[in-house]
Amino acid sequence: MFLAYGVIVASQSERFAAELTATFSFGALSPWSLLLLIGMFTLLTAIHEFGHAFACKHFGGEVHEMGCMLLFFMPAFYANVNDAWSFPERNARLWVTAAGAWIELFVTAVLAVVWITVAPDSVIGQVAIAAMLVGGIANILTNLNPLLPLDGYFALGDWLEMSNLRQRARAHAAFWARRQLFREDLPMPILQPQEHRILLAYGIGAFAYATGF
């Protein structure tokens, strides 16, 4: 399904861009398109959090709390899957972290197949294109981006088996800059060569991304 989604977007890029522009560009926003975006965001966020919750329970954990809150005046669901931190197997922790984005992207891929089978500008087509925007493009650029403190970041930390990766990387990059660029006489922290490379690369990458954004 993920491959089908990629093929659909690539092969129908002109139609995809035209329908996005016609409905969801800043100049074309209307009460209907805003309602559609908020509704699709709410639905896919709920599905996303159920993905985390079901994956946690699948691997033997418990989900003690699920709910909804307002985040920047937008409804945002959440699931407490802290039990996953106690899983001894790294693959289980990774699946719990990745399950939200995985199921969200799967639902988006299904709706992409629906999108190419319906008439352009139909209500179903607009619902599908909204899903492809929220659950596809936005999901990949934000939620799966390891340089942001979202699912992609936590999955990377689990995969590398390094806790507090973001904080440690920022501190290490700042230390490296003071030592190498400003020639301060600072003692080198005790790290394995691989740890040094990972922390330095992530710290510089996160700084460059935030600055560029």
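Residues are numbered from 1 along each chain as its sequence is written, and side-chain values use heavy atoms, with hydrogens and water left out. Because the model is predicted, local features need pLDDT of at least 70 and side-chain atom pairs count only at pLDDT 80 or more, while totals for chains, interfaces and linings use all residues.

## Pockets and the cavity

Rolling a probe the size of a water molecule over the atoms shows where empty space is left. On a 1 Å grid over the protein atoms alone, a cavity is a set of points where a 1.4 Å probe fits but cannot get out, whereas a pocket is an open set with protein on both sides within 12 Å along at least five of seven lines; lining residues have an atom within 4 Å of a point. Grid points are joined across faces, edges and corners, and a volume is the space filled by probe spheres set on the points.

The table sorts lining residues by class: Ala, Val, Leu, Ile, Met, Phe, Trp, Tyr, Cys and Pro count as nonpolar, Asp, Glu, Lys and Arg as charged, and the others, Gly among them, as polar.

| Space | Volume | Lining by class |
|---|---|---|
| Largest pocket | about 1,500 Å³ | 24 nonpolar, 13 polar and six charged residues |
| Second largest pocket | about 210 Å³ | eight nonpolar, one polar and two charged residues |
| Largest cavity | about 30 Å³ | one nonpolar, two polar and two charged residues |

The largest pocket has a volume of about 1,500 Å³, and of the 43 residues that line this pocket, the closest to its centre are N143, P149, L150, D151 and F154. Helices (H or I, at least four residues) and strands (E, at least two) are DSSP runs, numbered from the N terminus. At least two lining residues of the largest pocket come from each of α3 (31-58), β1 (66-71), β2 (74-79), α4 (90-115), α5 (123-143), α6 (151-160) and α7 (165-180), and α5 gives the most, with seven residues.

Around the second largest pocket, the lining includes R166, R170, W176, I204 and F207. The elements that give two or more residues to this lining are α7 and α8 (193-212), and the largest share, six residues, comes from α7.

The count comes to one cavity of 30 Å³ or more. The largest cavity is lined by E19, T23, D121, Q126 and I129, and α2 and α5 each supply at least two residues of that lining.

## F16

F16 lies in helix α2 (residues 13-24). With a relative accessible area of 6%, F16 is buried, where buried means under 20% relative accessible area, exposed over 50%, and partly exposed in between (1.4 Å probe, protein chains only). Not counting residues up to four places away in sequence, F16 touches V9, W115, I129, M132 and I137, a contact being heavy atoms within 4.5 Å. F16 and L133 are 117 residues apart in sequence, and their C-alpha atoms are 9.9 Å apart in space.

## Cysteines

How many disulfides does a search of the whole structure find? The search finds zero disulfides, a disulfide being a pair of cysteine sulfur atoms within 2.5 Å. The sulfur of C68 is 20 Å from the closest cysteine sulfur, in C56, and this is too far for a bond. C56 is buried, at a relative accessible area of 0%, whereas C68 is partly exposed, at 45%.

## Salt bridges

The structure holds four salt bridges, each defined as a side-chain nitrogen of Lys or Arg within 4 Å of a carboxyl oxygen of Asp or Glu. One of them joins R93 to D158, with the closest N and O atoms 4.0 Å apart; the pair links distant parts of the chain, as R93 is in helix α4 and D158 in helix α6, 65 residues apart. R93 counts as buried at 13% relative accessibility, and D158 is buried at 19%.

R93 also meets E161 in a salt bridge (3.8 Å, N to O). E161 lies in the loop between α6 and α7 and R93 in helix α4, so this pair ties together parts that are 68 residues apart in sequence. E161 counts as exposed, at 56% relative accessibility.

Another salt bridge is formed by R168 and E195, the closest N and O atoms being 3.6 Å apart. Since R168 lies in helix α7 and E195 in helix α8, the pair ties together parts that are 27 residues apart in sequence. Salt bridges that share partners join R93, D158 and E161 into one network.
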